[in-house]
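Take a look at the chain below. We will walk from its overall build to single residues and pairs.

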Amino acid sequence: MSGTSEGPASAVGLDRPGVTESEIVASTRTGPSPTTAAAADRAPAPSGTAPAPSVSPTGRPSPPSFTRSSPPPSVPSYRSVFTAAPLAMAVVDREGTVTGVNPTLAALLDSTPDALTGAVAADLVDLSSDAHTWHAYLEVLRGRRPELSCARRLKHPTAGALWVQVTVTRLPPGEDGADGVLLAVADISARRELQERLRHLEMHDPVTRLPNRTLFFERLTAALEEDSSARGGSGRIGLCYLDLDGFKAVNDTLGHRIGDRLLTAVAERLTRCAEEAGRTRTATPLVARLGGDEFAVLVEDSTGTEQLAELAESVLASVQEPFDLGGRRLSVSASIGVVERHAAGTTPTALMQAADTTLYWAKADGKSRWTLFDPERNAHRMTRQALASTLRPAIERGEFALEYQPLVGMEDDRVHGVEALIRWHHPQFGTLTPNRFIHLAEEDGSIVPLGRWVLRTACEQARRWQVEHPDDPPIFVSVNVAVRQVWDSDLVADVAETLDETGLPPHLLQLELTESAVMGSSGRPLQALKALSDMGVRIAIDDFGTGYSNLAYLSRLPVSVLKLDGSFVRGFQYEERAAAPPNPADEVIVEAMVQLAHRLGLTVTAECVETSAQATRLRRIGCDTGQGWLYSRPVSPDRISELLATPGVQADVAVKP
């Protein structure tokens, strides 16, 4: 008889005293059979024993009487109890040799008591297959441990696999000084079978019959904890994390019954892909349903990203084939996040986070594709999350500051205004420009308090310049406004309050909104823009020419300034350093937009002016103001004060022909 080990059970009674012969005998006295009781009633009381008590007329039993000649009642011998016991047992000496076996154990092992007597007990019930159980067994034999209990899977000659519960209990020394242990074996095959069935139901998805999330993480944890390289494996692990594109629409339009059938069909195809991938390997990848329309394919001992890429390609191709569900033909696609790395140093949480992030990238990149995990891209995502989580506290801590870039008149080369540009002096990432965090502020709503701070700070500074330079024409300050500020706050009230508290005249404030935000504005945004314009505030369209460019709106919106996108101005670079002649269409387009704006009563500002040649051409076209590094980069307020005292911002600007 051979078997496998499940290890010693951590039974509560490990430390209780072992079963003694007296206890076995005593157990027979606790419940005499009815036959024995009846025989005792019929038989005369033995000499020297107390007869059965008589009952008095009052119903009370009379006290028993004893005679010295009554013999003691017969007690079953230890051997008879051992032989008749329904529990399979054997007595084992201190050397581990079987000295006695009852018929129940012999029948369980498909043998005879005589054949088993003298055998090594540990071999009969597989106690030596693992070191921990073997050591515990020896401790019981040596009297250092009172009991051992463990489950074993034995190979029965006729019944096949047999699960038994083995208990080894120390016996007290006999009259001759010899002692040993009692080996008890209970057949628990039926219980184990029920447990396995319940575990299977607990660990598998009822719809697809695939391993569920619990079993998947159990396998994943075991794979990461095992050092596969020590047994000749690659020591790597791979994961394809799959999500069906548009599955919710299937459930919503066709019902959950069709949705479940689709999930089952997808599971079958994924299983076939895994089996195909496992034909050339020692193990087949595990396919699991993690929930909803999410599936995972786990590859243990992966060989690299190429293997996972091939598996992802086969899964995509398989899922994209139409499904025939009871005469209904459906076509779906999937997005897959692929992760492949060394198992050492990786945790289940880290691997799943990477897979989930990569799956998100696949969907964001257009769906119906697989995407490989990119550490650099993930680092950018982590930085993005770190910035988003510290935005609001950074406002309170005063980590933001404003720099100002001059808006210079093309005719007189003087500063007419400045654009306020926010900077974040982050304690970890250094100074950050708006393109690193403004979109995050718009997403979480922190753009509203941040926008209020920018508006107030810029207006205070503009008023300060006005006071410091009373003899010069006052300059206006231009502040960028996000659409969410218009929707989520009372922008008109904020502006009115700020102008009132800072003392800045309304015409010295310009608010910039992007073309895509202004064009098509209706309802509350349009009402806000008109109210601000009526207040005297200038409204500018930023990056004009790159969005909708719906010229019909220009006549209806309260806009006073167009800021041409820098891409048009960069097309003017055809000096000696240019590799190709300019495109004449750029100048024609800019000239047309400038003329149209002037006919509508609007002024035009050109962005990204970097060379004198560009400034000359823009002046010739009729552009009103310019902004760019030709005049100045964004600088501190003190540098703007110096520029205000300078006759010309850029001395090399050519004179208008």
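Buried means under 20% relative accessible area, exposed means over 50%, and partly exposed lies in between, with a 1.4 Å probe and protein chains only. Cys-150 is buried at 0% relative accessibility. Cys-459 is also buried, with a relative accessible area of 0%. The structure holds zero disulfides (a disulfide is a pair of cysteine sulfur atoms within 2.5 Å).

This is a predicted model: local features need pLDDT of at least 70, side-chain atom pairs count only at pLDDT 80 or more, and totals for chains, interfaces and linings use all residues. Residues are numbered from 1 along each chain as its sequence is written, and side-chain values use heavy atoms, with hydrogens and water left out.

How confident is the predictor? The term pLDDT is its confidence in each residue, from 0 to 100. The mean pLDDT of the chain is 83, and 81% of its residues reach 70 or more. Confidence is lowest in helix H1 (residues 21–27), at a mean of 33. Strand S17 (residues 476–480) has the highest, at 97. Over residues 9–68 the pLDDT is below 50, and this stretch has 64 contacts in the model beyond near neighbours in sequence. A contact means heavy atoms within 4.5 Å. Residues 651–657 also have a pLDDT below 50, with nine contacts beyond near neighbours in sequence.

Now the overall build. The chain has 25 helices and 22 strands. Helices (H or I, at least four residues) and strands (E, at least two) are DSSP runs, numbered from the N terminus. Of the 657 residues, 44% count as buried. Among contacts between residues at least 6 apart in sequence, 63% join residues at least 24 apart. The accessible surface comes to about 33600 Å², and 52% of this belongs to carbon and sulfur atoms. Such areas come from the Shrake-Rupley method with a 1.4 Å probe; for residues, only the protein chains shown count as cover.

Turn to the charged pairs. A salt bridge is a side-chain nitrogen of Lys or Arg within 4 Å of a carboxyl oxygen of Asp or Glu. The whole structure has 23 salt bridges. One of them joins Asp-130 and Arg-152, with the closest N and O atoms 3.0 Å apart. Asp-130 sits in the loop between H6 and H7, while Arg-152 is in strand S4 (residues 147–156), 22 residues apart. Both Asp-130 and Arg-152 are buried.

Glu-403 and Arg-423 meet in another salt bridge, at 3.3 Å from N to O. Glu-403 is in strand S14 (residues 400–409) and Arg-423 in strand S15 (residues 415–426), so the pair ties together parts 20 residues apart in sequence.

Glu-512 and Lys-563 are both buried. Salt bridges that share partners join Glu-419, Glu-512, Lys-563 and Glu-607 into one network.

Last, two backbone angles. Asp-126 has a phi near 60°, a positive value in a residue other than glycine. Asp-126 lies in the loop between helix H6 (121–124) and helix H7 (131–141). Cys-608 also has a phi near 60°, and is partly exposed at 27% relative accessible area.

Notes
pLDDT is the predictor's confidence in each residue, from 0 to 100.
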